[in-house]
Amino acid sequence: MLPILLFSLSNKTNKIDDKIYLSSLKSFEILLHESLANENKYLLAYTEDIIERLLDMCVYEQNMEIRLLALKCLNNLSINLEPNKLIKYQRHVCKKLEKCLNDKKRLCRRMAVETRNRWFLLTTK
């Protein structure tokens with residue numbers, strides 16, 4: 001299921017992208033919570049792709065809900081996965097999240113600060 005979700009997050013071919021992105025991000029959020037029972041073994045194989053797609057969605061300008069949900073998923077990813085699996089992405093994610101700190105919506109800026117802080121503190125868990 002994860003490869004299909006990743007494909008839907010990168011698919012930019014039709015006009016109803018917002019609906020596809022929102023439903024894919026909601027599904028991914030549910031999958032992230034359920035993967036805790038399986039010790040995240042399914043997520044680990046796709047970690048790099050997941051992070052890249054979520055970072056792309058964090059700066060999606062057409063819809064605030066998409067940006068907010070992508071930030072929440074990134075935040076949950078940093079909470080739920082082991083720090084030693086994510087540490088190699090820490091610098092890249094923190095740098096990319098800098099753009100989100102200047103978002104026009106306050107909710108997105110606040111979530112970006114929380115997510116970026118969580119990624120900065122990966123090594124202190």
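Helices are DSSP runs of H or I with at least four residues, numbered from the N terminus. Helix axes are lines fitted to C-alpha atoms over the stretch in contact, and angles run from 0 to 180 degrees between N-to-C directions. The model is predicted: local features need pLDDT of at least 70, side-chain atom pairs count only at pLDDT 80 or more, and totals for chains, interfaces and linings use all residues. Residues are numbered from 1 along each chain as its sequence is written, and side-chain values use heavy atoms, without hydrogens and water.

Helix α1 (residues 2–10) packs against helix α2 (residues 17–34) at about 145 degrees, and the two axes lie 9 Å apart. In the contact (heavy atoms within 4.5 Å), α1 contributes Leu2, Leu5, Ser8 and Leu9, while α2 contributes Ile20, Tyr21, Ser24, Leu25, Ser27, Phe28 and Leu31.

Helix α5 covers residues 64–80, 17 residues in total, and spans 24 Å from first to last C-alpha, close to the expected 24 Å; the expected span is 1.5 Å times one less than the number of residues. Of the 17 residues in α5, 13 are buried (under 20% relative accessible area, with a 1.4 Å probe and protein chains only). Asparagine 76 belongs to α5 and counts as buried because its relative accessibility is 16%. Beyond its neighbours within four places in sequence, asparagine 76 contacts Glu29, Leu32 and His33.

Note on methods:
Helix = DSSP H or I, 4+ residues; strand = E, 2+ residues; numbered from the N terminus. Buried < 20%, exposed > 50% of the residue type's maximum accessible area, 1.4 Å probe, protein only.
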